[in-house]
Amino acid sequence: MGRRVVVTGLGAISPVGNDVATTWRSLLEGRSGGAPITKFDASTFSVRFACEVKGFDVSPYMDRKEAKRSDLYTQYAMAASVQAMQDAGFGDGTGYVPEECGVLIGSGIGGLRTFEEQHQTYLSQGARRISPFFVPMFISDIAAGVVSMRFNAQGPNFGIVSACATSAHAIGEAFRTIQYGSADVMIAGGSEAAVTPMAIGGFANMGALSTRNDDPATASRPFDATRDGFVLGEGAGVVVLEELEHARRRGARIYGEVVGYAATGDAYHLTGQREDHAGLQRAMRRCLADAGVAPEAVDYVNAHGTSTPLNDPNEARAIRAVFGNAADALSVSSTKSATGHMLGAAGAIEFIACAKAIEHGLIPPTINHATADPEIALDVTPNEPRERAVAVAISNSSGFGGHNATLALRRFTS
């Protein structure tokens with residue numbers, strides 16, 4: 001067994017709040033982030049709504065010059081990272097050895113907005129007008145690099161890209177990095193800013209998105225029998241992970257202990273899964289084995305729960321297969337019902353929801369749940385939060401390409 005790893009800082013920019021406190025309150029109150037798109041003219045698109053970040057001000061996190069040279073996804077990542085580091089007590093960049101602090105922040109898509117804008121510049125003005133900052137603005141690893149420079153973090157520093165499992169993998173690999181002794185502190189998570197014409201058009205044309213243009217606020221409805229696709233979201237989630245003794249020495253507040261992680265591949269289909277979601281089953285089983293936690297000891301599962309016709313029953317069958325009779329006592333929910341699907345940032349936001357559930361003894365609900373689906377034999381915490389002591393929570397993430405990740409978080413005792 002390697003070194004113990006705890007969570008000491010949380011940061012969030014989400015469609016339902018530009019910090020962790022507001023996001024958590026919105027989840028409990030059942031607020032939806034779904035609304036008509038404002039970031040571009042979507043009037044000719046078949047899908048005209050999304051879960052956008054609202055009222056975001058980058059100025060507390062980056063100076064004007066730096067922000068101008070950063071894609072929106074990097075701005076979100078920086079904001080969530082600064083919040084997490086301040087929450088952990090590292091806001092001034094001290095309290096850790098720089099060589100023992102790393103950054104692992106990924107993005108499923110990266111700077112798509114910059115790519116689209118610069119391509120338009122090329123078409124209208126020619127190659128000489130392409131920004132010299134174009135490449136470092138759009139590449140998917142640059143958020144990790146920029147955050148590392150902000151905090152002089154000279155330890156392991158890279159970005160993971162695994163579609164919608166990106167930030168779950170980032171947190172899991174950061175956990176392993178500390179566990180194996182390669183760092184004492186890791187800033188980990190994911191960021192996404194893909195509410196753009198190409199992303200909306202592409203996802204819509206492949207039939208992945210909900211088409212409820214007349215009612216965006218209720219369009220994301222995981223596990224509901226009338227679900228018709230996911231709602232594209234954006235934002236960032238970042239956590240600070242820390243080696244336990246390092247955290248103890250400085251008297252850090254501890255949200256929970258990361259005790260398990262597993263990553264698997266479906267090797268099956270570009271965008272779909274087998275009906276039993278065997279890959280996710282293996283991720284959950286291996287995560288629980290890694291944690292040394294029996295299925296009946298888990299209280300809460302934050303599901304991948306995308307609100308798509310195929311994912312939700314497949315995931316429900318996988319949970320039922322792994323937990324057996326213990327599945328009847330589980331609280332399950334999908335916070336994507338409120339945030340939409342934040343793609344590469346989703347896993348981190350959902351891991352933060354697990355940390356807050358442990359902290360407050362509250363299960364965030366699956367909102368917009370009106371019609372039960374007989375294929376989903378789970379308690380999905382419909383519409384209202386539920387009081388429940390949470391000793392162990394797990395979070396599931398999956399991504400196009402057959403990527404799966406499961407994280408286990410336990411209430412810290414000693």
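This briefing covers salt bridges and a charged surface patch. The structure is a predicted model. Across the whole structure, 19 salt bridges are found.

- Arg113 and Glu117 form a salt bridge, with 3.4 Å between the closest N and O atoms.
- Both residues belong to helix H4, which spans residues 112-125.
- Four residues separate Arg113 from Glu117, about one turn of the helix.
- Arg113 has a relative accessible area of 37% and is partly exposed.
- Glu117 is also partly exposed, with a relative accessible area of 44%.

**A pair between two helices**
- Arg176 makes a salt bridge with Asp290, and the closest N and O atoms are 3.1 Å apart.
- Arg176 sits in helix H7 (residues 166-179) and Asp290 in helix H10 (residues 278-291), so this pair ties together parts that are 114 residues apart in sequence.
- Arg176 counts as buried because its relative accessibility is 14%, and buried means under 20%.
- Asp290 has a relative accessibility of 32% and counts as partly exposed.

**A pair between two loops**
- A salt bridge joins the side chains of Arg388 and Asp299, at 3.4 Å from N to O.
- Arg388 lies in the loop between strand E12 (386-387) and strand E13 (392-399).
- Asp299 lies in the loop between H10 and strand E9 (300-302).
- The two residues are 89 residues apart, and their pairing links distant parts of the chain.
- Arg388 has 21% relative accessibility, which counts as partly exposed.
- Asp299, at 13% relative accessibility, counts as buried.

**A network of shared partners**

**A patch of positive charge**
- Four residues, Arg64, Lys65, Lys68 and Arg69, gather on the surface in a patch of positive charge.
- Arg64, one of the patch residues, is found in helix H2, residues 64-68.
- The relative accessible area of Arg64 is 78%, so this residue is exposed; the cut-off for exposed is over 50%.

Definitions and conventions
Residues are numbered from 1 along each chain as its sequence is written. This is a predicted model: local features need pLDDT of at least 70, side-chain atom pairs count only at pLDDT 80 or more; totals for chains, interfaces and linings use all residues. Side-chain values use heavy atoms; hydrogens and water are left out. Buried means under 20% relative accessible area, exposed over 50%, partly exposed in between (1.4 Å probe, protein chains only). Patches are made of residues with over 30% relative accessible area and no salt bridge: like charges are joined within 9 Å, nonpolar side chains (Val, Leu, Ile, Met, Phe, Trp, Tyr) within 5 Å. Accessible areas come from the Shrake-Rupley method with a 1.4 Å probe; for residues, only the protein chains shown count as cover. Lys and Arg count as positive and Asp and Glu as negative; His and the chain ends are not counted. The place of a charge is taken as NZ of Lys, CZ of Arg, CG of Asp or CD of Glu.
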